Amino acid sequence: MTPTHLYGDGGPIVVVPARIAAWLERHAGLDQLRVAQRAGDPEVYDTLLSLHLAALAWRATATGTPVRQEPAPAPLWLGTTAAAGQLGLAPRTVRLACETGTLPARRIDGRWRIALEDLKHYRATRAA
């Protein structure tokens with residue numbers, strides 16, 4: 001069987017139809033993976049975001065629901081897992097830094113929330 005969605009002379013490129021992107025989101029958990037990669041590998045996140053937008057577009061044609069064309073802006077507040085990903089630390093280390101006040105954070109609904117600006121200052125302080 002010859003693959004019908006494989007292209008590229010300089011290297012393989014896979015073209016994924018929007019219906020397949022929607023199927024992958026639903027059955028393979030790509031939505032959760034995309035969210036987890038937000039603070040990880042930018043190329044992986046960008047590819048998963050493209051698949052997500054294609055899935056949204058396909059769903060809109062199937063259901064008539066309007067599609068938001070722009071991805072959501074970067075959050076101004078991060079949880080400990082996202083902060084840990086950006087700092088290259090374990091989430092537990094970030095929670096301890098929040099608890100001791102080394103990393104300024106706020107407790108909201110039982111979870112630590114770290115302002116993006118505070119995270120940048122903390123990173124600069126650790127580098128010095």
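Helices (H or I, at least four residues) and strands (E, at least two) are DSSP runs, numbered from the N terminus. P91, for instance, is found in helix 5. This is a predicted model, where local features need pLDDT of at least 70, side-chain atom pairs count only at pLDDT 80 or more, and totals for chains, interfaces and linings use all residues. Residues are numbered from 1 along each chain as its sequence is written, and side-chain values use heavy atoms, with hydrogens and water left out.

**Whole chain**

Start with a cartoon view. The secondary structure comes to six helices and five strands. Along the sequence they follow the pattern β-β-α-α-α-β-α-α-β-β-α.

Switch to a surface. The protein exposes about 9100 Å² (Shrake-Rupley method, 1.4 Å probe; for residues, only the protein chains shown count as cover). Carbon and sulfur atoms supply 57% of that area. Of the 128 residues, 22% count as buried. Buried means under 20% relative accessible area, exposed means over 50%, and partly exposed lies in between (1.4 Å probe, protein chains only).

Contact means heavy atoms within 4.5 Å. Among contacts between residues at least 6 apart in sequence, 44% join residues at least 24 apart.

**The sheet**

Select residues 77-78, 106-108 and 111-115. These are strand 3 and strand 5, with strand 4 as the remaining range. They make an open sheet of three strands in the order 3-5-4, with antiparallel pairing. Strand 3 and strand 4 stand at the edges, each with a single partner strand, so one side of each is left without a neighbour in the sheet.

Two strands pair if DSSP finds at least two bridges between them. Strand 3 and strand 5 pair over two bridges. Show L78: its bridge partner in strand 5 is I114. Strand 4 and strand 5 pair over three bridges. Here R106 has R113 as its bridge partner, and R107 has W112.

Now go to the turn. Strand 4 and strand 5 form a hairpin with two residues between them. D109 in that turn has a positive phi of about 50 degrees.

Centre on L119. Leaving out residues up to four places away in sequence, L119 touches L78, A83, Q86, L87, L103 and I114.

**T80 and P91**

Select T80, which is found in helix 4. T80 is buried, with a relative accessible area of 12%. Beyond residues up to four places away in sequence, T80 touches P91, V94, R95, W112 and I114.

Move on to P91. At 31% relative accessibility, P91 counts as partly exposed. The C-alpha atoms of P91 and T80 are separated by 5.6 Å, with the two residues 11 apart along the chain. Leaving aside neighbours within four places in sequence, P91 is in contact with T80, T81 and A84.

**The salt bridge**

How many salt bridges does a search of the whole structure find? It finds one. The definition is a side-chain nitrogen of Lys or Arg within 4 Å of a carboxyl oxygen of Asp or Glu.

Select R59 and E25. R59 forms a salt bridge with E25, the closest N and O atoms being 3.0 Å apart. R59 lies in helix 3 (residues 42-63) and E25 in helix 1 (residues 18-28), so the pair ties together parts that are 34 residues apart in sequence. R59 is partly exposed, with a relative accessible area of 30%. E25 counts as buried, at 9% relative accessibility.

**The surface patch**

Finish on Y7, I13 and V15. They form a nonpolar patch on the surface, with about 290 Å² of accessible area together. Patches are made of residues with over 30% relative accessible area and no salt bridge; like charges are joined within 9 Å, nonpolar side chains (Val, Leu, Ile, Met, Phe, Trp, Tyr) within 5 Å. I13 lies in strand 2 (residues 13-14).
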